[in-house]
Amino acid sequence: MSQARIESMMDEKRLFEPPMEGRNSARVTSMEEYEALYRRSMDDNEGFWAERANELVEWFTPFTKVLDADMETPSIKWFVGGQLNVAYNCLDKHIANGRRNKAAIIWQGEPDEDVKVYTYQMLYDEVCKFANVLKAQGVHKGDRVALYMPMIPELAIAMLACVRIGAVHSIVFAGFSAVSLQNRIQDCEAKVVVTSDAVIRAGRSIPLKKNVDEALRLCPSVHKVVVVNRANAAVEWQEGRDLWWHELMKAPDLKASCPCEPMDSEDPLFILYTSGSTGKPKGVVHTTGGYLTYAAHTTQWVFDVKDSDVYWCTADVGWITGHSYIVYGPLALGATSLMFEGVPSYPGPDRFWQVVEKFRVNIFYTAPTVIRALMREGAEWTQKHDLSSLRVLGSVGEPINPEAWMWYHENIGGGKLPIVDTWWQTETGGIMISALPYATPLKPGSATRPLPGVDARIVRPDGTDAEPNEGGHLVIRRPWPGMLRGVFGDPARYKSTYFERFPGCYEAGDGARVDSDGYFWIMGRLDDVINVSGHRMGTAEIESALVSHPAVAEAAVVGMPHAIKGEAIYAYVTLNADADETEELRAELRTWVRKEIGPIASPEVLQFADGLPKTRSGKIMRRILRKIAGGSTSTSDFGDTSTLADPGVISDLIEGKMDLTGR
Ligand code: WTA
């Protein structure tokens with residue numbers, strides 16, 4: 001994050017008290033109550049979680065031990081001996097409890113007239129049918145199924161169908177390229193892929209199945225592809241492998257009931273790939289009992305969801321936010337979750353507010369990048385719609401800068417609604433640090449306090465506790481039920497990435513400080529991960545995509561501050577001697593990265609460089625590259641450069657940047 005942004009947050013002194021209206025019926029109604037809950041959760045950690053797990057989850061077999069964990073090994077087991085099924089908890093339980101006619105999912109497609117509402121009963125029927133389809137295609141408990149789909153109801157149906165039969169889903173965001181999809185399928189050896197013909201986005205139809213066809217050339221594990229017809233787009237068809245969703249689902253003998261596979265608490269539930277600082281993306285593994293408890297618990301407390309609420313999380317289900325806060329958390333509570341296919345800017349920049357008005361949305365959860373983009377369009381777009389149904393606002397994905405926070409608070413929250421700024425990660429399974437909407441006084445830009453049960457601390461590089469206001473590494477000192485249980489197929493990486501540097505702790509990879517009121521201020525990643533519009537991108541991944549192009553000798557990628565995306569990708573590229581630094585090649589390299597990884601990874605700026613700043617031992621000094629990308633021009637900005645092999649490289653790079661961007 002830029003220095004200016006960190007400083008503007010350091011200066012932030014405003015405090016916003018939680019609203020009185022709605023407080024009486026809230027779950028947690030004051031800071032005193034929060035403090036008491038927090039103390040209890042630390043003093044009797046297992047008792048606290050056992051209560052939550054029993055209240056929120058229906059167990060086929062009760063657990064006999066709450067926690068069996070050792071953070072150093074690491075070996076983490078929650079709710080040991082318990083058996084359950086997540087689909088049962090998201091569907092069957094509510095049907096039995098009188099909610100069968102309640103809307104589980106309200107789906108708003110991109111065209112405004114495309115709306116589908118699934119009651120819990122209807123969703124149950126579809127899930128059971130698709131579970132039977134998967135079984136008929138040879139999917140068994142423990143098998144992996146890759147889901148590469150747009151934001152259509154079939155995605156949620158496929159997820160729940162997998163977990164109903166004990167299959168493990170691995171969702172690949174539909175914005176990823178064929179190559180990225182291929183890597184993920186190869187890593188988890190999926191048997192079946194579910195996809196759609198195309199994605200509808202901002203009025204256009206973008207082919208999707210084509211990427212699957214390309215990816216599967218090198219994926220021998222996959223024997224069937226199920227295709228949803230979303231856009232009537234032309235597709236190539238491989239007889240014997242490809243099957244239409246709608247044909248499978250109307251087979252005359254297909255049953256709308258399917259028994260739930262009883263799963264052990266620690267059986268894997270899903271894999272979700274996320275970028276790390278080195279190498280290829282990691283397959284983060286979440287398990288059944290702990291994840292479900294944690295998703296339901298955090299949805300209930302952080303958003304204060306009521307039975308009558310319409311709850312809308314604008315994330316894509318392809319990211320962890322969509323897993324936990326569109327599908328599993330809300331459905332485990334029997335809530336009504338709005339699933340939205342479109343984008344914030346189409347057909348106009350009031351699309352979100354029009355949807356809020358249309359469905360009288362009560363709880364709205366989005367990302368700072370969306371707020372900043374809509375803020376730029378002007379407040380008049382928000383005034384065209386009645387937003388009075390809203391009660392709680394949320395933010396996730398990156399630090400929300402105070403300016404965006406204030407705009408959100410005033411224009412969407414009418415100057416009175418609480419904003420829960422939720423810090424968490426793919427690995428944490430659910431929200432870790434956040435305000436409780438009717439209890440916590442808010443400071444714009446701070447995620448406020450750790451949730452009860454979460455032992456978050458800031459430590460120095462040597463592992464000792466940081467003082468108030470001293471920046472350091474954010475770690476979690478006790479296990480929590482939603483934490484990852486592994487990196488698929490790579491236990492060594494699981495340990496070294498998260499548990500090695502600070503023994504006994506989970507290392508988040510973020511920098512943060514805690515102020516004298518105990519409020520957490522997240523300062524951004526400490527590793528080589530860039531957060532572009534709330535999406536994690538590994539610099540190493542982008543670099544290896546660039547160097548796989550025949551013209552490229554070397555590449556170094558860093559983040560640069562960006563007014564809307566938070567951070568953007570800045571790539572320095574050294575070409576092979578026989579390649580020329582032309583605009584065509586620059587464009588080609590950006591397209592190349594789109595193809596290798598996906599549009600979100602395409603560099604914002606791509607600078608050709610004759611040399612990169614390296615130490616005498618050959619290590620690239622990214623610190624310097626970040627400074628140059630951020631606009632530094634004065635030698636005094638670069639700190640210690642005495643270890644540079646060739647100090648002249650800095651002025652060349654600065655000149656090159658000025659030629660390119662004029663700054
Ligand atoms: C960042 C998304 C500040 C952080 C749920 C983290 C945040 C990474 C916040 C995880 C927030 C997420 N304030 N930073 N409220 N929320 N982050 O795995 O750097 O896609 O490590 O999970 O996003 O991104 P991921």
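**Notes on the aromatic core, the sheet and the cysteines**

1. Let's start inside: F79 has a relative accessibility of 0%, so F79 counts as buried. Bear in mind that this is a predicted model. The protein chain has an average pLDDT of 95, and 98% of the residues score at least 70. For the complex, the predictor reports an ipTM of 0.99 and a pTM of 0.95.

2. On to the rings: the count of aromatic pairs comes to 38. One of them joins W49 and W78, edge-to-face, with 6.3 Å between the centres and 75° between the planes. Where do W49 and W78 lie? W49 is in helix α3 (residues 45-56) and W78 is in strand β2 (residues 75-80), so this pair links parts that are 29 residues apart in sequence. W49 is buried at a relative accessible area of 0%, and W78 is buried too, with 0% relative accessibility.

3. W78 also pairs with F79. Here the geometry is tilted, with the centres 5.5 Å apart and an angle of 50° between the planes. Both pairs can be found within one aromatic cluster, made up of F48, W49, W59, F63, W78, F79, Y294 and W301.

4. Now the sheet. Eight strands make an open sheet with mixed pairing, and the order is β12-β11-β8-β6-β7-β14-β15-β23. Which strands stand at the edges? They are β12 (242-244) and β23 (486-487); each has a single partner strand, so one side of each has no neighbour in the sheet.

5. Helix α6 (residues 153-165) lies across β6 (144-148), β7, β11 (224-228) and β14, at about 150° to β7. Helix α11 (residues 320-333) packs on the sheet as well, where it touches β7, β14 and β15 (282-287). The direction of α11 makes about 140° with that of β14.

6. Last, the cysteines: the disulfide count is zero. C162 is buried, with 1% relative accessible area. C505 counts as buried as well, at 6% relative accessibility.

Key: Residues numbered from 1 in each chain as written. Predicted model: local features only at pLDDT ≥ 70, side-chain atom pairs only at ≥ 80, totals over all residues. Heavy atoms only, no water. Disulfide = S-S within 2.5 Å. Buried < 20%, exposed > 50% of the residue type's maximum accessible area, 1.4 Å probe, protein only. pLDDT = per-residue confidence, 0-100. Pairing = 2+ DSSP bridges. Helix = DSSP H or I, 4+ residues; strand = E, 2+ residues; numbered from the N terminus. Contact = heavy atoms within 4.5 Å. Axes fitted to C-alpha atoms, helices over the stretch in contact; angles between N-to-C directions. Phe/Tyr/Trp six-rings, centres within 6.5 Å; stacked < 30°, edge-to-face > 60°.
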